[in-house]
Amino acid sequence: MSGGKKPSGEGVNAKKYSRRDFLVTGGTVVAVDALMTNNLAAAAVVPAAAAAPAPTSYPVSKGYLVYDSKKCAGCTTCMLACSLTHHGVESLSLARIQIMQDSFGKFPNDLKVAPCRQCVTPVCVQNCPAGAAFVDAANGNIRRIDSNKCVGCRTCIRMCPQQPHRTVWNKFAKRAQKCDLCIDTPYWNEKGGPGGKQACVETCPMKALRFVSEAPDQKETDGYDVNLRNDNWLNLGLVDDSRIVPPIMAAQAKKKPARRSAR
Amino acid sequence: MKGGYTGKILRVNLTSKSISRIETEKYMEFGGGHGIGSAIFFDLVAEQLPFDAFDPRNLIIIVASPFAGTMMPGSGRCEVQGLGPMLYPIEWFGHSNFGGRFTAQLKFAGWDGIVVEGSSSDPVWINIIDDKVTIESARGIWGMDTWDTQQEISRRVIPGLKYGEWSELAGDDGFTTQIPAVVCCGPAGEKKSRLGALLHGPGSQAALCGFGGVFGSKNLKAISAIGSGTVPIADPKAFMEARLWYRQFQWDVDNPREVERFNTRAWSHNSGRPSGGNTLNGQLPLVPARVAACASCPRACRLRLATADSNESVCAGTMAVRLERGAPLKLSRQANDLMQKYGLGHWQFMPLQVYVQNLYKRGILGKGKKIESNLPFELMGTIAYVDTLMKQISNREGVGNDLAEGCARFAEKYGLYEEDVNSGVLNLAYWGTRDHYDPRIQVEWAFGSLFGERDLMLHSFANHNFHWMANSGDPYLTAEEAARLYSEALVPYNDDPYLADFGDGPTGIYSDSKVKLIAWVKHYEKFWIGGGGFCGWRWPQTFTNNTADRRGATPHAEQRFWNAVTGDNRTFVDHMSVGHRIYTLDRSIWVLQGRHRDMEVFPDYIYDRKSPGHIMPMIVDGKWTYARGEGRTLDRAKVEDFKTRFYKFEGYNPDNGYPTRATLEKMGLKKVADLLQKRGRLG
């Protein structure tokens with residue numbers, strides 16, 4: 001097998017969280033990534049929820065999306081399935097998972113996959129001044145945004161420590177939204193959430209997305225980026241290390257020269 | 001707005017620098033893409049025909065399909081139309097298309113298409129950011145290669161653009177993480193080379209017809225589109241269900257069927273498996289790479305490499321520029337990338353490079369020869385040689401000025417056309433484009449091109465599925481099984497069991513069965529391929545190794561997806577009749593330009609030179625088999641008789657190939673009939 005990490009079937013200490021995720025200091029929350037990049041707009045210091053001190057720990061989500069950024073082909077079907085099932089329209093900007101590509105770039109840095117991490121410590125929930133972002137105890141503790149409560153202040157967008165931010169601005173509704181693991185998909189006759197199906201996972205033709213019930217490593221910045229490739233993938237001639245010889249090529253090399261290619 | 005459409009088509013006049021819109025609804029009866037483009041071309045300029053491709057009256061028409069911007073599998077291609085300067089002997093109203101994500105972004109910006117007319121007095125590019133459209137100066141960009149152009153324009157569209165972050169678009173509260181989608185010409189197009197292609201991304205070419213040269217003639221460097229909007233879907237639930245249903249027709253990347261048989265590189269073309277489009281990373285040690293799909297494509301035939309060379313180039317885009325035998329693949333990737341950067345069409349450059357070498361070896365071209373040239377032939381087969389050749393063509397330097405006219409016109413200028421084309425030395429089988437698969441055997445391609453305006457360039461009608469399956473040496477269907485499944489898929493001719501007989505017997509290449517096959521090819525090409533943004537490597541899917549019963553998605557998938565997206569309730573046959581209508585409209589435009597049945601003939605070599613053979617399904621001695629047909633030539637009289645029957649089948653006058661009034665009026669094209677009659681060319 002080529003490099004990368006297998007999706008963990010092991011539980012992760014649910015109470016752990018990373019300093020990289022956020023810092024809480026005297027009632028204010030500052031996105032560390034933003035500070036590190038000197039992005040003043042993103043690093044704006046925002047008052048935390050005024051009504052009550054934000055809790056510092058939350059029940060962990062019972063569902064997460066992990067992905068293989070080296071397997072993703074960038075077709076954006078996942079994004080379109082997301083917007084279709086949630087909104088009934090096709091839109092990349094409304095998708096709660098983002099695939100970004102630089103066609104001129106070098107593999108593997110030519111593509112980035114950015115789903116919501118269902119953070120063990122959800123900064124969006126912690127900082128929503130309207131109480132719209134919440135942990136949905138009735139649905140596996142998924143971190144969600146109640147669009148009826150959202151006031152469109154974009155605090156959750158500014159505070160999301162990920163780059164790009166995983167809370168998504170809906171310019172039509174003037175509200176923020178985020179991945180709900182397909183709990184609320186009015187345009188799809190499938191049950192979502194833990195135990196259900198996710199539109200992005202189901203439609204990904206490369207099977208580069210997977211639902212897991214255990215929290216990926218929160219310390220690693222790429223803890224959600226896992227290896228979902230097997231030998232059948234290698235046999236497509238797709239390796240992430242030049243030293244790897246796909247089994248089928250090794251076998252063919254012993255038999256005969258490769259047949260000429262089609263035009 | 002009706003599902004699949006944004007409702008408006010952008011109209012840009014570069015002469016007056018004015019921007020207006022066309023209501024899409026007026027043209028929806030033609031479906032999308034190609035059909036709408038043909039109808040717009042007819043309405044705007046048909047009365048003024050004939051005129052030249054580089055005349056400001058020529059149009060660049062890009063119309064997206066209702067599927068663009070949706071997750072319809074394999075619908076990511078962008079159709080470009082207009083008079084094609086590459087085509088010969090007349091610059092026919094032609095079409096070319098490229099993959100990627102341009103039409104998706106155009107739709108998200110709120111536009112179903114764009115029509116460019118006129119010619120700018122100074123170099124410009126068109127900037128589409130959602131519903132904001134501006135004509136921008138190309139100062140500082142004009143002269144750049146296609147790669148630098150796209151990256152510079154991306155920076156100008158979104159100042160401070162950071163890959164991997166959200167960007168706000170022009171203050172409309174819309175955000176995107178996507179990089180602007182740019183289509184542009186290169187230096188070749190700027191100099192009005194007839195080989196000029198359009199490039200999108202590093203390797204996605206609209207290679208045929210020479211539309212890069214038309215961009216250059218309009219002083220148009222590029223069009224950029226980026227949007228944060230939506231594409232409406234009539235029945236989202238049905239669309240989602242259709243997409244999930246379609247998974248059975250895809251290659252299962254984790255657990256492919258019959259892995260011992262199919263999971264080899266020899267199967268890459270007919271199995272629909274990922275990768276396989278880039279021929280330049282197949283030797284050990286492999287360069288680390290990802291498969292890179294066009295928008296919404298489950299196949300993902302392209303690659304992006306750790307070295308970033310040959311990124312997103314496929315097929316001819318990775319083999320047009322040829323170095324000496326045994327040259328390292330790395331150099332071949334770089335050589336083909338040079339072609340992409342200059343913006344030279346691969347299907348034009350490929351025969352040109354060969355022909356130049358042929359003329360040199362014959363002592364016709366070179367220093368002090370009949371055709372004077374300072375090309376460094378002593379370096380032939382090296383990067384330095386091909387770079388010099390491409391540079392001279394792109395800059396119109398030396399012999400490059402004549403070569404930029406394309407093979408046909410170049411040969412004609414020096415009095416070589418008749419001899420070299422008829423002998424097959426210069427294998428321009430139809431309309432100035434080189435042959436592709438043996439025209440004497442694989443006739444759906446040959447007749448499909450001859451009754452069109454350029455090389456058919458569609459692999460899924462009978463090429464990947466039949467030829468490459470058989471050529472693998474281990475076909476997963478017998479010829480009889482494959483022919484049966486094929487006929488069953490080709491509705492409405494599914495009661496004809498001989499559609500796939502490529503023999504030369506009574507049900508073979510001259511039979512009425514082939515008349516129906518060619519009609520099916522042209523109608524599907526017009527409505528689904530050109531109108532649906534379909535990829536010719538994906539559609540139609542007549543049979544497949546990916547299903548247990550080997551049945552493909554055609555014809556059920558097309559109508560199911562169409563109806564879910566648009567809200568129509570139409571059958572596959574309904575749409576094929578629209579395809580017939582669009583083909584007839586295209587043909588009428590060609591007739592206005594001078595098309596006559598006497599022009600629809602192959603060069604002599606196809607009638608006189610024996611085929612080396614090309615494996616296809618055939619009935620031989622009464623039995624289905626895969627055979628090569630070695631030694632076959634086409635028979636002139638039989639081809640002429642075939643033409644007569646094809647014209648009659650399509651409703652055209654067999655004496656001249658012109659559409660008749662009865663046919664046109666039946667199709668609701670009375671105004672077309674009136675114009676043809678006015679010109680004395682009604683069939």
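Two strands are taken as paired if DSSP finds at least two bridges between them. The model described here is predicted. In chain B, strands β1 and β2 give an example of such pairing. Strand β1 covers residues 8-13. It joins β2(B) in the antiparallel sense, over six bridges. Within this pair, N13(B) stands opposite S18(B), a residue of β2(B).

Strands β1 and β2 belong to an open sheet of six strands. The order across the sheet is β2-β1-β6-β3-β4-β5 in chain B. The pairing is mixed. In general, strands of a sheet pair through backbone hydrogen bonds, either parallel or antiparallel. The edges of the six-stranded sheet of chain B are formed by β2 (18-23) and β5 (93-98). Each of these edge strands pairs on one side only. From one strand to the next, the twist averages 20°.

Chain B contains 23 helices and 23 strands. Its C-alpha trace spans about 70 × 70 × 65 Å along the principal axes. The radius of gyration of chain B is 24 Å. For 683 residues, a compact globule would have a value near 26 Å, so the chain agrees with that expectation. Burial was also computed: 64% of the 683 residues of chain B count as buried.

The domain assignment divides chain B into domain 1 (8-226), domain 2 (274-430) and domain 3 (440-535 + 572-678). The C-alpha centres of domain 1 and domain 2 of chain B lie 25 Å apart. Between these two domains, 38 residues of domain 1 of chain B are in contact with 31 residues of domain 2 of chain B.

On the side of domain 1 of chain B that touches domain 2 of chain B, the elements giving two or more residues are α3 (146-157), α4 (187-190) and β13 (204-206) of chain B. Helix α4(B) gives the most to this side, with three residues. The residues on this side of domain 1 of chain B divide into 16 nonpolar, 17 polar and five charged.

Conventions
Residues are numbered from 1 along each chain as its sequence is written. Chains are lettered from A and ligands numbered from 1 in the order in which they are written. This is a predicted model: local features need pLDDT of at least 70, side-chain atom pairs count only at pLDDT 80 or more; totals for chains, interfaces and linings use all residues. Helices (H or I, at least four residues) and strands (E, at least two) are DSSP runs, numbered from the N terminus. The radius of gyration is taken over C-alpha atoms; the globule rule is 2.2 Å times the number of residues to the power 0.38. A residue is buried if 20 or more other C-beta atoms lie within 10 Å of its own, exposed if 12 or fewer, and partly exposed in between; C-beta atoms are placed from the backbone. Axes are lines fitted to C-alpha atoms, for helices over the stretch in contact, and angles run from 0 to 180 degrees between N-to-C directions. Domain bounds come from an automatic or database domain assignment. Two residues are in contact if their C-beta atoms, placed from the backbone, lie within 7 Å. Ala, Val, Leu, Ile, Met, Phe, Trp, Tyr, Cys and Pro count as nonpolar, Asp, Glu, Lys and Arg as charged, and the others, Gly among them, as polar.
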